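Let us look at the model together.

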Amino acid sequence: MSSRKTYYVTTPIYYVNDVPHIGHAYTTLACDVLARFMRLDGRDVHFLTGTDEHGQKIEKAAAAAGLAPQAFADKVSVSFRELIGAMNYSPDNFIRTTEPRHYRACQALWEKLEEAGDIYLGKYAGWYSVRDETYFVEGETEVGPDSKRRALSTGAEVEWVEEPSYFFRLSAWAERLLAFYEANPRFIAPESRRNEVLSFVRGGLQDLSVSRTSFSWGVPVPGDPKHVMYVWLDALTNYITECGYPDTSDALWKFWPADLHMVGKDIIRFHCVFWPAFLMAAGVAPPQRVFAHGWWTNEGQKISKSLGNVIDPVELVATYGLDPVRYFLLREVPFGNDGDFQRRAMIGRLNGDLANAYGNLCQRVLSIVARNCGGQVPGKGPLIDADTALLERARALLAIVRTELEEQAFHRALAALWDVVGEANRYVDAQAPWALAKTDPARRDTVLWVLAETIRRVTLLVQPFMPGSAARILDQLAVPEAQRAFSAFDAELLPGTALPAPQGVFPRYAEPAKAAS
Ligand code: ME8
């Protein structure tokens, strides 16, 4: 059995009512970078994503598509699975809520909640938004000029629901939740979201309807199959289904409690209020952390199907290349904030940070080495202050990136890496290795070695963000596969190692010429 420290990271499971867009791609990308980083850093990682397939919203979408819910879910779930290849994600598993193991986990959790006295039968009468799969009290809604009632927070239409329902005694959990947040200050991030959750819980909690009777597409309630479970109780449970729940002797149970549930800010209440309450009531430890990131808009507009401005990640990758898209999404916007997708900014990052700064650094260093050093890692002579200063900055990066990623500050991790790229480019200009060729070839070799070694360190840390490009650069430095984990961060490049011919990794993006009319 492995004694390495575990790391369990999850994405939300996405509704299969529609195909994935840039927002879904973003959340999974953030998790992918963390999973890859932690693996390279020696952790025993489990990275889970998947699809949320039950509930009224899916039932309606299936009906609109003229398909049975299961057939519809099977079809749309595939488009989320295909995104894994298109975006080069590295999940360890893809879970679907229609799997038998998930029914078992949901029903086992339900029985625990019932045994604990936290579930009772009553009747729900109130507003419900199918789009959000959320209950709203009247004060959270308003009637618009079109005389339709909508939820104030999401703008989604609500409908009046009156039906027998089981309730979870959420009202009894407010104090215990507040004590839990107090004892676990890292549980909700960023800070602004934490404040939002605290004030919601301090305002008092109402019991939560956890079953529905007016449709049947869901997990049946044990002992009362006229009821299906509320889709959020079902969905949240996926995180423990994966670890074998209720079988705590399952090999994957070692991953629970999860290190991180990554979510968008729209679903924070479900993850930070309902979920820890369900788990504590069932005697299961809550997750360690929930990070709620911000919302992407498209050139200033909310991304929506009706506006016709949904950004397709596959198309984006086809236009700009996979790694530039991965880089841009995590570099452009401070993680946690809302972001506006602008093609100009995308092209600016691609040509500026990637082609001009990093790509050019690699290209010019490696091509001088290829031309002047016999296609080998150059010899390393005595170091001067400028050399050790640059090498020290590169050496310090591992600790910096580790700290930033513990906080999910992807943008700061990348900024730290690119600071060193900038420093290295200034060092090339200052040391001018091309001018040393005639006067002092030994010194020229040392300068080139310092640069190659700096590129190696930076690139080891670029791997989680841009795995394909980083691998190509490490190949050009002849860094063996076995030396790409961070345990080899301090293993320096060996002078004399044969290098393959260099090749550019980040081509500039040029707007396609407009077709002549
Ligand atoms: O909520 N910007 O699924 P969902 C950034 N099934 N992120 C966005 C985004 C945008 N414009 N649009 C979507 C559900 N997202 C439930 C989750 S979990 C137990 C159940 C991302 O398909 C963001 O992560 O509506 C958001 O939380 C998620 O997609 C919602 O996906």
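Glu163 and Arg212 join their side chains in a salt bridge at 2.5 Å, N to O (a side-chain nitrogen of Lys or Arg within 4 Å of a carboxyl oxygen of Asp or Glu). Glu163 sits in strand β8 and Arg212 in strand β11 (residues 211-212), so this pair ties together parts that are 49 residues apart in sequence; strands here are DSSP runs of E, at least two residues, numbered from the N terminus. Glu163 is buried at 5% relative accessibility, and Arg212 is buried too, at 2%. Buried means under 20% relative accessible area, exposed over 50%, and partly exposed in between, with a 1.4 Å probe and protein chains only.

This is a predicted model, where local features need pLDDT of at least 70, side-chain atom pairs count only at pLDDT 80 or more, and totals for chains, interfaces and linings use all residues. Residues are numbered from 1 along each chain as its sequence is written, and side-chain values use heavy atoms, leaving out hydrogens and water.

| Salt bridge | Distance, N to O |
|---|---|
| Glu163 and Arg212 | 2.5 Å |
| Lys123 and Glu162 | 3.4 Å |
| Glu157 and Lys148 | 4.0 Å |

Lys123 in strand β4 (residues 119-129) and Glu162 in strand β8 (residues 159-168) are 39 residues apart, and both residues are exposed. Glu157, by contrast, is partly exposed at 43%, and Lys148 is partly exposed at 39%.

How many salt bridges does the rule give? The count comes to 40. Lys380, Glu392, Arg395 and Glu492 are linked in a network of them.

Conventions:
Helices (H or I, at least four residues) and strands (E, at least two) are DSSP runs, numbered from the N terminus.
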